[in-house]
Amino acid sequence: KGVDMENEKVLVEPGAFSRKIKPRENVLLALLKPYLSMARVTARASRRRSRLDWGGLWNVPDSRGGFSIAGPAVGSSVAAMMIETLIARGARRRIAVGCCGAIRDDIKIGDIIIGTGAFSEEGVSRHYMPEKFPPRADEQLVEALKSTADGKGWDVKTGDVWTTDAP
């Protein structure tokens, strides 16, 4: 049986720590600095940064999609703190962009991977979802990302990912 989070007593309110930030409903979370820089330049994000305790937040003009870019979020603990704060301040949909290794022979360096689910072996995820119910990506979002990539002629691979804090 699930927990009714709407009626649970709140012990810590993440939004209280960063009251000045105002993310858009859609947020791209860049896990590493190079991806943060690429996203900001590509989307022509504002030069003005809202300071998060663990990184920054930049808004993209409506003419370029009207979303926010946040990061860097290195490691599961920092990513969780950042995502909790963004959700508490109004973010509703998040996409994380980063890099990964591979244990499949058909995945090569430089391939684009769209994660459809996750097997988590780092220390944070199990506090959000029981291990017997591994997280699944939104199917409509996966299809939209795949369709966009196909339209650009990019070859993408989809599948479950394995997360660990070990590099």
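**Exercise 1. Determine whether D62 is buried or exposed, and describe the salt bridge that D62 forms.**

Solution. D62 is exposed, with a relative accessible area of 62%. Here, buried means under 20% relative accessible area, exposed over 50%, and partly exposed in between (1.4 Å probe, protein chains only). The model is a predicted one, in which local features need pLDDT of at least 70 and side-chain atom pairs count only at pLDDT 80 or more, while totals for chains, interfaces and linings use all residues. Residues are numbered from 1 along each chain as its sequence is written, and side-chain values use heavy atoms, with hydrogens and water left out.

Next, consider the partner. D62 forms a salt bridge with R24, and the closest N and O atoms are 2.8 Å apart. A salt bridge is a side-chain nitrogen of Lys or Arg within 4 Å of a carboxyl oxygen of Asp or Glu. This pair links distant parts of the chain: R24 belongs to the segment before β1 and D62 to the loop between β3 and β4, 38 residues apart. R24 is partly exposed, at a relative accessible area of 26%. In general, side chains of opposite charge can pair when their charged atoms come close.

**Exercise 2. Give the order of the elements in the protein chain, and describe how β4 pairs with other strands.**

Solution. The protein chain contains three helices and seven strands. Helices (H or I, at least four residues) and strands (E, at least two) are DSSP runs, numbered from the N terminus. From the N terminus on, the order is β-α-β-β-β-α-β-β-α-β.

Now turn to the pairing; two strands pair if DSSP finds at least two bridges between them. Strand β1 (residues 26-30) and β4 run parallel and are joined by three bridges; V27 stands opposite S68 in β4. Strand β3 (residues 55-59) and β4 run antiparallel and are joined by four bridges; the bridge partner of L57 in β4 is A70.

Finally, examine the side chains of β4. S68 and A70 point one way from strand β4 (residues 68-71), I69 and G71 point the other way, and all are buried. In a regular strand the side chains alternate between the two faces of the sheet.

**Exercise 3. Name the residues that form the nonpolar patch and the negative patch on the surface.**

Solution. Patches are made of residues with over 30% relative accessible area and no salt bridge; like charges are joined within 9 Å, and nonpolar side chains (Val, Leu, Ile, Met, Phe, Trp, Tyr) within 5 Å. The nonpolar patch consists of I103, F119 and W162, with about 390 Å² of accessible area together. Accessible areas come from the Shrake-Rupley method with a 1.4 Å probe, and for residues only the protein chains shown count as cover. F119 is found in strand β6 (residues 112-120) and is partly exposed, with a relative accessible area of 46%.

The negative patch is formed by D138, E139, E143 and D150. Asp and Glu count as negative and Lys and Arg as positive, while His and the chain ends are not counted. The place of a charge is taken as NZ of Lys, CZ of Arg, CG of Asp or CD of Glu. E143 lies in helix α3 (residues 139-151).
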